[in-house]
Amino acid sequence: MTHHFFKAFVMGAVLTISAPTSVIAAECIAPANPGGGWDFTCRQIGKIMYEIGAVDKPIQVTNMAGGGGGLAYGHVVNERDTDADLIVAASSATSTRLAQNAYAGMTADQVRFVGAIGADPGVIVVAADSPFKTLGDMVDAIKANPGSVAFAGGSAVGGFDHLKPLMILQRGGFTDITKVKYIGLDGGADAITQTVGGFTQVMTGDMSEIVGFLKAGEIRVLAVLTDERVPGFEKIPTAKEQGFDVVAVNWRGLYVPKGVSDDTFNEWASKLQQVADSDAWKEAMVANGLAPFTKVGGDFQSYVDGLVTEIRQLSKDIGVIQ
Amino acid sequence: MEIIDNLALGFSIALSPYTLMLAVIGCFLGTIIGALPGLGPSNGVAILIPLTFTLGLDATSALVLMTSVYYGAMYGGRISSILLNIPGDEPALMTTLDGYPMAKAGRGGDALVLSGVASFVGAFLATIGLMLLAPMLARVAYLFGPAEYFALYMLAFCTLGGMASNNQAKAAIASCIGLGIAMIGVDNSSGLPRLTGGNLHLMDGVDFLVAIVGLFAISEVFFFIESHGKGSSIGIKLEKVTIPWKDIYETKWTMLRASGIGFIAGILPGAGASLGSFLAYMSEKSIAGEKGGFGTGVPKGVAAPEAGNNAAAGGALVPMLTLGVPGSGTTAVLLALLMTLNITPGPTLFTDRPEVVWGLIASLLIANVVLLLMNVPMVKIFVRILQVPAWILLPGVTMVSFVGIYSLSGSYFDLVLMVGFGALGYVLRKLDIPTVPVILGILLGGHMEDALRRAMVLSDGDVAYLVSSPIAIVLWVAAILGFVAPMMLRKFLEKPQRVTD
């Protein structure tokens, strides 16, 4: 016991001394337990950055679960605000929660979003025997009778799956979005089961959740919410080409502390770009059902800003936040 | 032959030396737990769940271990029924009716071996039934929307209340207590905390494992304290144990019929093994008629309930795995285990996690063989263990409970809560209010509420939507019948009480 304590003490002392000198390896915080999406982001990106020589030392992964990512966010904002050797895994859940004030009042502008290099594309799905053939059919039906179409998704009311169809409807000129029916189930598979069973008319979720059902021929994908058609699923049209300019993907990316210099920010952005261009990352994406989605640097920051603004407004409109 | 392929996959997982070892350990522990009076399969599984986390087992290993314990406890329950006239668990009650008279007549060994074989037949057939039926039931899930699920949960509460207790009102109270506890925590839809009293520990709701261990294990300790540690000792001497081939041969049809009845009873949500053994015994008794001599120590009277309750144990896994609605108290506890392991039972479990499902089915088959081999030659060892005094056993139970729960959450608050639930369990059992509906309420309350709220969203708040489909109507009728019928039938169909001498 004393022995362990002593070791920990020495270790702590060493870390404290060496931290500011920046010779130690960079750290990636995964704001969740091992095994989830954020953990995957940290471990894969960290591993590939080291393999392709973007960093000199292997990146240290720290798991900091709690508050749906809020604990790690608070830690970065309050204690590591100038740490140039820190990256943190993020996803669209991070931006959604920030937009909905779910991180105890902390806001999206308290960190810098450095980039995303892969995404699980959002999809709008109906049962194979549904009368809706295009996204336009669906929007028209809702315009005619909002109560006739119910959505099912894997996230709670106000979650990202709920917001996706609302964005499409707004682009389509339907503004009375509180009338739109949505039920949140325990995951995308349940949502599809309800939709195939005819209890709900449309399922909203992520591409990775529907692949099995798509192969079994039980569903039809009305639209994928990306800029371009997704490789491997070229038959599925995007919402954009059907006239609804919505890009809603569950992106996988990173943020860094607010207080780092622009040089540091750009350095991480270019390292992330190198990962995105690597073959190893392409393999990892295929293995995990991710589509290419590369936005880095200032480009990504403005994407996140836009996303947060839109989600906040939507959430206010449907009454999830005040 | 998809089933053969799937089974091959299952055996490739379950036949590794490590999982095989877990199965043997599970069977051994389960038999002991089942044999000890008072510690039924629900308690046993509840006490051991935290251990699987402490051991850091992966999902498949944890499932193999716990289902072995589950099946083992079903086997073990007969030992104290036959030798002590004290059922090790509720389903073993029926076994006392003929088992104890047989033991008094000096045929204790025969009764034990025969009931072991009957248990094997029942469990084996039920596992095969599970194998054939479960994938079919998985398709049925497409027919279940929020209204149907709500009705199904209702059916689980009603039949469990109707069958598991002698008093409908008390079962209903217990269900409501459970549902009330399930409301504690952050509301899924609005994000507002409910009934937490501002306590942060309660924001995530009450962990069902805390409730289960408290209600079952800790309350058992309280009962022990109250009885000042008077333990029971075996009055029946067990001499030589031989295999009664003649009895086994003569009861073969009884075992088959009882297995079929038990399996069907097990599939009904909420009814479970008690109903299986009860129905199996009653139907065999009526087939045999007056001359059958049921109740006086006939082999058929031992074989029927044992085959019935073990078959029901297998049947109860069908709705648990395919619909996420447990068919008995113990499967409710197993469901809690699955959910803690991040496995959501339901229609997609069979396609998403075939290794879990088929590994489980294969390990059930293995557990069965292990149990048969263990229970026939080694029955004397288990009898010896029955003589372990309670003052050694129960402090052990207490220790395992505390360490287990603390290792889950690392919070002292959960320990306090667990003792609280122990006290609640003690009071409820003193008042003869069953505790299983409480667990069922805590476990299913959240889902039931979600189903209701989803149904209300889809129907714009129209209550008639809940009974708008044939399936929902059938389930509601079955639920009402399951709750009301036992009240009417009780006059005619007196639930047999234990023989007292």
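Q: Where is the place of B:Gly292 in chain B?
A: This is a predicted model, so local features need pLDDT of at least 70 and side-chain atom pairs count only at pLDDT 80 or more, while totals for chains, interfaces and linings use all residues. Residues are numbered from 1 along each chain as its sequence is written, and chains are lettered from A and ligands numbered from 1 in the order in which they are written. Helices (H or I, at least four residues) and strands (E, at least two) are DSSP runs, numbered from the N terminus. On that numbering, B:Gly292 is in the loop between helix H11 (272-288) and helix H12 (299-315) of chain B.

Q: Does B:Gly292 count as buried, partly exposed or exposed?
A: A residue is buried if 20 or more other C-beta atoms lie within 10 Å of its own, exposed if 12 or fewer, and partly exposed in between, with C-beta atoms placed from the backbone. B:Gly292 has 15 C-beta neighbours inside 10 Å, so the label is partly exposed.

Q: Which residues does B:Gly292 touch, not counting residues up to four places away in sequence?
A: Two residues are in contact if their C-beta atoms, placed from the backbone, lie within 7 Å. Applied to B:Gly292, that rule gives B:Lys285, B:Val298 and B:Lys300.

Q: Is B:Asp432 buried or exposed?
A: B:Asp432 lies in the loop between helix H19 (412-430) and helix H20 (436-458) of chain B. Its phi is positive, about 65°, although B:Asp432 is not a glycine. With 10 C-beta neighbours inside 10 Å, B:Asp432 counts as exposed.

Q: What does A:Asn101 count as, given its C-beta neighbours inside 10 Å?
A: A:Asn101 is found in the loop between H4 and E4 of chain A. A:Asn101 is not a glycine, yet its phi is positive, at about 55°. Because there are 15 C-beta neighbours inside 10 Å, A:Asn101 counts as partly exposed.

Q: How many helices and strands are there in chain B, and what share of its residues is buried?
A: Chain B contains 21 helices and 2 strands. Among its contacts between residues at least 6 apart in sequence, 80% join residues at least 24 apart. Of the 501 residues in chain B, the buried share is 56%.

Q: Which residues does B:Tyr153 contact, leaving aside its neighbours within four places in sequence?
A: B:Tyr153 is one of the residues with the most contacts inside the largest nonpolar core. Its partners beyond those neighbours are B:Val325, B:Leu444, B:His447, B:Met448 and B:Ala451.

Q: Which element of chain A gives the largest share of the side that touches chain B?
A: The contact takes 16 residues from chain A and 18 residues from chain B. On the chain A side, strand E6 (181-184) and helix H7 (188-196) each supply at least two residues. The largest share, 5 residues, comes from H7(A).

Q: How far apart are the C-alpha centres of domain 1 and domain 2 of chain A?
A: Domain bounds come from an automatic or database domain assignment. For chain A, that assignment gives domain 1 (2-120 + 250-318) and domain 2 (121-242). In the contact between them, 14 residues of domain 1 meet 17 residues of domain 2. The distance between their C-alpha centres is 30 Å.

Q: What distance separates the end C-alpha atoms of helix H2 (residues 37-51) of chain A?
A: The expected span of a helix is 1.5 Å times one less than its number of residues. H2(A) has 15 residues and should therefore span 21 Å. The model agrees, with its end C-alpha atoms separated by 21 Å.

Q: What arc do the buried residues of helix H3 (residues 70-79) of chain A cover?
A: The buried residues of H3(A) are A:Ala72, A:Tyr73 and A:Val76. They sit on the same side of H3(A) because the arc, taken from the directions from the helix axis to the C-beta atoms, is only 105°.

Q: Which exposed residues are on the face of H3(A) turned away from its buried side?
A: What covers the buried residues of H3(A) includes E1, E3, E4 and E9 of chain A. The face turned away carries A:Asn78 and A:Glu79.

Notes: A nonpolar core is a set of buried Ala, Val, Leu, Ile, Met, Phe, Trp, Tyr and Cys residues joined through C-beta atoms within 7 Å.
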